Every structure is written in structure tokens, then in C-alpha cells.
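Please keep the sequence and the structure in view while reading.

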Amino acid sequence: MALRIGEPESLSATIKKITNYRHKLVASKNYLKKNEKIKTPVDLMDHSLAAWNPKGKAIVWQLGEESLEIMPKVRSNDYSHMKYLALGSNYITELPPFFCAEELARGSLIEILPEFPFPELQVSFVFPTTRNFSRITRVFLDFAVANLKL
């Protein structure tokens, strides 16, 4: 069994949807104080951005109805690193909500452009198609679907 973020692609596996969530566009309070105000997604082009990205692929942020191809100063496949960069007051980045909830609640990170949300992402369990799950697997799957909140 695997946890999958995004649209499942396998046609030969069973997929159990758990929930949906959206990434948040965030920056530190200090970054926002010392840089130009951000009113629209296009304004981001004048800022220091860090983005999740597999090496060498174009990065397009879909913010509300606007599609924005960005040229980030930092590309990473590590959300811990991206959060560190944002907390250091050097970059604007995107983070999963469960990865920045404490920082947003404390005010050390601020959500930017919430009126232009990222698209929803699906969270699913993916597992081989079979008629017979072990009891513990079934109990775990039912528990995760009922209790995982992002």
C-alpha cells in the first residue's frame, strides 16, 4: 500500500481516495515587510521564489484562474528545505498546508494571495487489486480514511 498525492495514474491498482488539499503560497513577515507588495500572481515575477520541482522541468504555478510560468531562484524536491528558505526571510514558496500549519498559526509565515488558490490535490491510498485484504489492512485503511485531515 502506498500513499499517493495527485491524480492516481495506475489502472491496474485499486485506489481509495482519502481527501483533497491545496498548497499554500507563503513568505515570512520580514520578507513581506522588506519587499514590494504582492497584489496579483503576476507580481510574483519580481520576487525571489523557491519551488518544488523535479530537475529540469518547467514550473507553472496555477493560482486561481491564472497560470504563471515561474523562474525560481531555488528548485527543490524537499519541502523542509523550502520552508527553511521561507522562514529565513529570503523566498516566497509553496508548501502543503499540513507542513506549514504551525508557522501560519504563530505568524512566522504568512499566506500570500489566498484569493488565488492553488488547485486541489487528491490524497489516495493505492494498492494492488485483490479481493482479500488482511483484517489489519482493512482496519488501517478505514481508520486512515475516517481520520486523516489535511
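Predicted model: local features only at pLDDT ≥ 70, side-chain atom pairs only at ≥ 80, totals over all residues.

Helices here are DSSP runs of H or I with at least four residues, numbered from the N terminus.

**Met82**
- Met82 lies in helix α2.
- Met82 counts as buried because its relative accessibility is 0%, the cut-off for buried being under 20%.
- Leaving aside residues up to four places away in sequence, Met82 touches Ala50, Ala51, Trp52, Ser76, Thr93, Glu94 and Leu95.
- Between Met82 and Glu115 there are 33 residues in sequence and 22 Å in space, C-alpha to C-alpha.

**Helix α3**
- Pro97, Cys100 and Glu103 are buried in helix α3, which spans residues 97-106.
- These residues lie on the same side of α3 because they cover an arc of only 130 degrees around the axis.
- Glu102, Ala105 and Arg106 are exposed on the other side of α3.
- The partners against which the buried residues of α3 pack are β2, β3, α2, β8 and β9.
- After α3 comes Gly107, which has a positive phi near 90 degrees.

**The sheet**
- An open sheet is formed by 3 strands in the order β1-β10-β2, with antiparallel pairing.
- β1 and β2 are at the edges with a single partner strand each, so one side of each has no neighbour in the sheet.
- On average, neighbouring strands of this sheet are turned by 25 degrees against each other, direction ignored.
- β2 and β10 are joined by 8 bridges, and Lys17 stands opposite Ser124 in β10.
- Helix α4 packs on the sheet and touches β2 and β10.

Key
Residues numbered from 1 in each chain as written. Heavy atoms only, no water. Buried < 20%, exposed > 50% of the residue type's maximum accessible area, 1.4 Å probe, protein only. Helix = DSSP H or I, 4+ residues; strand = E, 2+ residues; numbered from the N terminus. Arc of directions from axis to C-beta. Contact = heavy atoms within 4.5 Å. Pairing = 2+ DSSP bridges. Axes fitted to C-alpha atoms, helices over the stretch in contact; angles between N-to-C directions.
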